[in-house]
Amino acid sequence: MELSSFFSNIPNDNNLLVQWYLILSYAYYIEDESLVSDSEYDALCVRLLDKFDEIEHHHKHLISKDDLEAGTGFTLARRDYPSIVIGAAQHLKEDLNYE
């Protein structure tokens, strides 16, 4: 599985953008694993920012427009990430053989 090609085809379900943002941010900022290129992460931030007001995801409160504009998830601490996001990031890393 190549995440980059999958990422470019995220369905139009804008709530998935929240999940991917949190998973990729956790992997990069907490686990020090880059699962997508910087340009792909930036594109995700732009797309999420564009749809932000329309999204009704229960983890949306963890994301700020300022962070999306800056293209970062650095402001979230390990304790801020829901356990489902941590598990998904770790599972994805295993699937991509990053460990």
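Start by selecting Glu31 and Lys93: the two form a salt bridge (a side-chain nitrogen of Lys or Arg within 4 Å of a carboxyl oxygen of Asp or Glu), with their closest N and O atoms 3.4 Å apart. This pair ties together distant parts of the chain, with Glu31 in the loop between H2 and H3 and Lys93 in helix H5, 62 residues apart. Helices here are DSSP runs of H or I, at least four residues, numbered from the N terminus. What you have open is a predicted model, where local features need pLDDT of at least 70, side-chain atom pairs count only at pLDDT 80 or more, and totals for chains, interfaces and linings use all residues. Residues are numbered from 1 along each chain as its sequence is written, and side-chain values use heavy atoms, leaving out hydrogens and water.

Is Lys93 buried or exposed? Lys93 is buried, at a relative accessible area of 4%; buried means under 20%, exposed over 50%, partly exposed in between (1.4 Å probe, protein chains only). Glu31 is partly exposed at 23%.

Arg78 sits in the loop between helix H4 (65-70) and helix H5 (83-95), 47 residues from Glu31.

Next, pick Asp53 and Lys65, whose salt bridge is 3.0 Å, N to O. Asp53 is exposed at 63%, while Lys65 is partly exposed at 33%.

Last stop: Glu40, in helix H3 (residues 38-51). Glu40 is buried but has no salt bridge. Look instead at Ser37, whose backbone nitrogen the Glu40 side chain reaches at 3.0 Å.

Terms used: Helix = DSSP H or I, 4+ residues; strand = E, 2+ residues; numbered from the N terminus. Lys, Arg positive; Asp, Glu negative; His and termini not counted. Polar contact = N/O pair within 3.5 Å; in protein donor to acceptor, adjacent residues only side chain to side chain.
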